Each structure stands twice: as C-alpha cells, then as structure tokens.
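Here's a quick briefing to read alongside the model. Have the sequence and the 3D view open as you go.

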Amino acid sequence: MALRFAPVSVPLKRRIQTVAVLQWIFSFLLLAQFCCGFFVILILGNFWFLAVLYLLWLYLDWETPCTGGRRSQWVRSWTVWKYFREYFPIQLIKTSDLNPNHNYLLGFHPHGVLVAGAFGNFCTGPSFKNLFPGLTPYLHIMPIWFSCPFFREYVMSAGMVSASKESVSYVLNNEGGGHASIIVIGGAEESLNAHPGSLTLNILKRKGFIKMALKHGAHLVPVFSFGENELFKQVANPKGSWLRNVQEKLQKIMGFALPLFHARGIFQYSFGLIPFRQPIHTVVGSPIPVKRNLNPTTEEIEQLHAIYLQELRKLFEEHKGNYGIPEHKTLIFE
C-alpha cells in the first residue's frame, strides 16, 4: 500500500489540531496503562511510600466517582480541547430548551469507536453551558476506569463519573434540578458496529436507563451524533464471524470491547490511529416528560422505552438530510 503523505504546506493550525487529537487518542488508549505502570514503578522503587499514600487516598476517595465526581473547570477549559474540537470539527446543536429546574437523562447515540462527540461536547469547552444554561453535564463511563491509579483523577477532572446505578441515581437525585446525566446507551458492545455508514444501535434490550429516569422523574432526551461512525474504519466483523465471536467473548469477560480500527497517520493519510477529519454534529432532541415513579412496572418501562425509540427515530429523520445521510437510510434497532 502506497502511503499518501500530507503536503508540506499544511497550515500550522491544522498541525496543532492533529497534535491535540493525538493527545486525546493517547489518553483514551494508553494513558490508563501508563498510569498503572507508573504506580507499579513507585511501589517497586525508592518512592514506595508515595504509592502507599496514594493507596490511602484511593481508599478514602473510592466513592467519589459515584457521588458526582470532582470536575475541574481548568482542565475542561484547556486550550488543547479547543484544537481537538476544531480538528473534526465537533458541534453541539440545540433543538429545544431544557428547563434547569428539572434533571435530565440524555441518551447518547451512537457509541462510535471512541465516543468523540460525547467527550468533545460534554467534557470540554463552553458549548453545553452556553446552549443549556443552568445545567451541569455528567458523562457516565465504565466503572473500571476509576480503579486505575491517577487516571481516575484525570477523567473525573473532565466531568466524567461512573456509569453505575449508584452514580446515575446520585446525579439525578438533585432536588433543585439542573443536572444532566449523559449515558452512551449502546455501551461498549455497540462500538463493534461502528463502521462508516452504519446506523445500527444496540438499544432494544437496553431499558435500565428508562427505569432510572422513571424512578427519579428525570426527563429523557434523545441525542444523536451524526458523523460519529465515520471517524475510523474497522476490520470487517459481521455477526457470526470468528472475529466478532472473539470480540464479544472478550467484551463479556473484560467489560469493554476491542474494535480493530484504523484511520490515518500523523504525517500521512493512508494508515494510522488518528481519526479522519469528519465533522461531528451532535443533535440534542426535545425532552420527553417523565413523572416520578419509584416502583415502575415492566409495562410502564416498556411503554416509555417505546416512546423514547419513537422520539429518537423522529430526531434522526428530521436532521439526517442536513448531514449527508440519504433519504432511504434509517436507524436499525437491535
């Protein structure tokens, strides 16, 4: 395969954007392992006492990811995130006001390979705050990441919290309203469907978020991120193939999926792990009013789930023409 190199005349700003995205890729794919390795070095080296102090801190701070986290506006406002968002670019689109006197559960679709739209819109920059004043977003991610030394501090500083039931309940239980839980409904499993052009969502069996919304009276808001699946190419893994079977078994064992993806490089456009420059438009739909019900029945959960699917499809159909999706294409729920 002949490599297609970037021209020497590429503007400096675009180079900086690429470096910003490289930093994000490193954070998502390698930083947790690097932090764990550094912690082991501390234990085995002359600075073991620092590791012991951190273990004490970890013990005392263990529940923080389930009790709203510990965000840092300084980290969320880093200049590197501005260039990260501009690389694609990432844009948040508002379709309706969200009253800050309520709490909301935003269902984010699709997962994509690395959930770039969710991170860019809800963990960095002023877009969400400007569009939805009075609301504080909390992006829920897999609890396993909060067991990684040092890495947990980094992701919490960006406004990420655990995806556990306790964590979602804590966010949605704010009596004064003003909290927004963002849950990537398809989860890690859906990342295995993240092929360019794919519109398949893992949602038919995902009803836990509906129950949580009912128990806390949190209004449901469908969110669709156009362009999320276009950032990477993934090795063909149709259902039933040996690769898909291995990936699904590993996902059940480890809790997270391992999509085999590639895109472009730093100085060439033919192969690498840097995502393609494809625009991401994250469209936030209208809220679905939810009345608090501490003990919802299966029928009530099913009914609200059906309404959510209907509103999600409506949101997609109303906006797909604006973002290059052919008229005959529609969402596939499985």
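How many of the five residues in strand S10 (residues 280–284) are buried? Five of the five are, so to speak a mostly covered strand. Keep in mind that this is a predicted model. The notes below start with that strand, then turn to the nonpolar cores, a UniProt annotation and the cysteines.

- Strand S1 (residues 90–94) runs parallel to S10, and five bridges join the two. If you want a spot to look at, Gln 91 has His 281 as its bridge partner in S10.
- Strand S7 (residues 219–226) runs antiparallel to S10, with four bridges joining them. Here Ser 225 stands opposite Thr 282 of S10.

**Nonpolar cores**

- The largest nonpolar core has 52 residues, and the members that touch the most others are Trp 24, Phe 84, Phe 88 and Leu 106.
- Setting aside neighbours within four places in sequence, Trp 24 is in contact with Trp 81, Phe 84, Phe 88, Leu 114, Ala 116, Phe 119 and Pro 275.
- There's also a second, separate core of 31 residues, with Leu 105, Leu 172, Leu 201 and Ile 301 among them.

**The annotated stretch**

- UniProt, in an unreviewed entry, lists residues 21–41 as "transmembrane region".
- In the model, residues 21–41 are 95% helix and 0% strand, and the end C-alpha atoms of the span lie 28 Å apart.

**Cysteines**

- How many disulfides does the model have? The count comes to zero.
- Cys 36 counts as partly exposed because its relative accessibility is 30%.
- With 0% relative accessibility, Cys 123 counts as buried.

Notes: Residues numbered from 1 in each chain as written. Predicted model: local features only at pLDDT ≥ 70, side-chain atom pairs only at ≥ 80, totals over all residues. Heavy atoms only, no water. Buried < 20%, exposed > 50% of the residue type's maximum accessible area, 1.4 Å probe, protein only. Pairing = 2+ DSSP bridges. Core = buried A, V, L, I, M, F, W, Y, C linked by side-chain atoms within 4.5 Å. Contact = heavy atoms within 4.5 Å. UniProt positions renumbered as here; feature names shortened; annotations may be inferred. Disulfide = S-S within 2.5 Å.
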